[in-house]
Amino acid sequence: MLRAPAVEVTDGTNPVSGVNVTAILSSNDFTATSTVVVTTNGSGIAEFGNLVIETAGTGYTITFDADAAGVANVDSDPFEVTAASVSGAE
């Protein structure tokens, strides 16, 4: 099962809630319907459950940019996007 991309924002030790985090794709863009800005919850987690990439490719990364002073950006590990198959097509 695939999980939605998520990032935790801390003050070095403790989770920080209420911080806006922006997801930035390394190449191309997320679709216009994607939610690219998410606010951290009470556990300091920003979970991106609605990111859509339409172009298949390899070596994609997502940069998570927290809107908070002194917080460094975090990059995801590289990943691959493959074309979805169509089922039931005649």
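The legends below describe close-up views of a predicted model.

Residues are numbered from 1 along each chain as its sequence is written. In this predicted model, local features need pLDDT of at least 70 and side-chain atom pairs count only at pLDDT 80 or more, while totals for chains, interfaces and linings use all residues; side-chain values use heavy atoms, without hydrogens and water.

**View 1. An open sheet of four strands in the order 3-2-6-7, with antiparallel pairing.** Strand 3 and strand 7 are the edge strands, each pairing on one side only. Strands, like helices, are DSSP runs numbered from the N terminus (strands, E, at least two residues; helices, H or I, at least four). Two strands pair if DSSP finds at least two bridges between them. In a regular strand the side chains alternate between the two faces of the sheet.

**View 2. Strand 2 (residues 20–25) and strand 3 (37–39).** Three bridges join these antiparallel strands, strand 2 and strand 3. Val21 stands opposite Val38 in strand 3. The loop between the two strands holds Asn28. The phi of Asn28 is near 65°, a positive value in a residue other than glycine. Asn28 is partly exposed, with a relative accessible area of 44%; buried means under 20%, exposed over 50%, and partly exposed in between (1.4 Å probe, protein chains only).

**View 3. Strand 6 (residues 62–66) and its two partners, strand 2 and strand 7.** Four of the five residues of strand 6 are buried. Strand 6 pairs with strand 2 in the antiparallel sense over five bridges, and with strand 7 (residues 74–75), also antiparallel, over two bridges. Phe64 of strand 6 stands opposite Ala23, and in strand 7 the bridge partner of Phe64 is Val74.

**View 4. The largest pocket, with a volume of about 490 Å³.** A pocket is found on a 1 Å grid over the protein atoms alone, as an open set of points with protein on both sides within 12 Å along at least five of seven lines; a cavity is a set where a 1.4 Å probe fits but cannot get out, and lining residues have an atom within 4 Å of a point. Of the 22 lining residues, Arg3, Ala4, Pro5, Ile62 and Phe79 are the closest to the centre of the largest pocket. Strand 1 (6–8), strand 6, strand 7 and strand 8 (79–81) each supply at least two residues of its lining. Strand 8 gives the largest share, three residues.

Key. Points joined across faces, edges and corners; volume = space filled by probe spheres on them.
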